[in-house]
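This report describes selected local features of a protein model. The sequence and the structure are shown first, and the description follows.

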Amino acid sequence: MSAYIQPPLPKERGTKRAMDEQKKRNMNNDHDDVLEPPTNFSMVEDGIFRSGFPQPSNFPFLQSLNLRSIIYLCPEPYPEENLEFLRSQNIQLLQFGIEGKTEPSVSILKDTILEALKVLIDVRNHPVLIHCKRGKHRTGCLVGCLRKFQNWCLSSVFEEYQRFAGVKSRATDLRFLEGFDTLLLRQCLYSIIYQYQGYGSNKRRLLYREDNLQKSQTMKV
């Protein structure tokens, strides 16, 4: 008479359950490792990025950029949680307050954008992130003026602005971009001066002059 051997079903079920649970944990860990960029994030140029307002969930992603500076285009105070992150990463905050709900006068907008551009093109501030609230209008104006400084044609400037603004595109912003004179920036770049170093030397170096430069509101974080 053959002996009856009960198959080890409970053990197999337990093993399968353990494997399923481990699989779920692995999936959760993989999800935790995903870096989440801020809304409307994009690279503008090497060392220059743009986005909407960063949330705490975006901090690991921002950390991966090794930022040196953030150009903040809103007049409201920066949240303390964000300031703590900047302090921990040794990132300087450069604030240029532009009203978002009410349209600023053209002269105020022009002056503020001009000062922000001086900071933006200074490679000592790179890598740099530009952001406002949604990363659409104020950020779009600053990037659009940078593009004009880079000799982009107006249609390409408009196309980039509208790609980020979407249905919220503002005719006033487009008119501002069209009328922005990059000669203003070129004339004001006394902060960046090319000089020949030494008598009869062909070696050119880039010097920075800080005097008379209207600085942005640099926040100590």
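Asn90 is exposed, with a relative accessible area of 69%. The model is predicted. Asn90 has a positive phi of about 55 degrees, although it is not a glycine, and lies in the loop between helix H3 (80-89) and strand S4 (92-95).

Asn40 also has a positive phi, of about 60 degrees, without being a glycine. Asn40 is found in the loop that runs between helix H1 (9-33) and strand S1 (42-45). At 23% relative accessibility, Asn40 counts as partly exposed, because that class lies between the limits of under 20% for buried and over 50% for exposed. The two asparagines are set out below.

| Residue | Phi | Relative accessible area |
|---|---|---|
| Asn40 | about 60 degrees | 23% |
| Asn90 | about 55 degrees | 69% |

The interior is considered next. In soluble globular proteins, nonpolar side chains tend to be buried together. The largest nonpolar core of this model has 50 residues, among which Ile71, Ile113, Leu117, Leu120 and Leu142 touch the most other members. Helix H4 (residues 106-120) provides the largest share of this core, with 7 residues.

Leu120 touches Ile48, Ile71, His126, Val128, Ile130, Leu142 and Leu146, when residues up to four places away in sequence are not counted. Pro127 itself lies in the loop between H4 and strand S5 (128-131).

Note on methods:
Residues are numbered from 1 along each chain as its sequence is written. This is a predicted model: local features need pLDDT of at least 70, side-chain atom pairs count only at pLDDT 80 or more; totals for chains, interfaces and linings use all residues. Side-chain values use heavy atoms; hydrogens and water are left out. A nonpolar core is a set of buried Ala, Val, Leu, Ile, Met, Phe, Trp, Tyr and Cys residues joined through side-chain atoms within 4.5 Å. Buried means under 20% relative accessible area, exposed over 50%, partly exposed in between (1.4 Å probe, protein chains only). Helices (H or I, at least four residues) and strands (E, at least two) are DSSP runs, numbered from the N terminus. Contact means heavy atoms within 4.5 Å.
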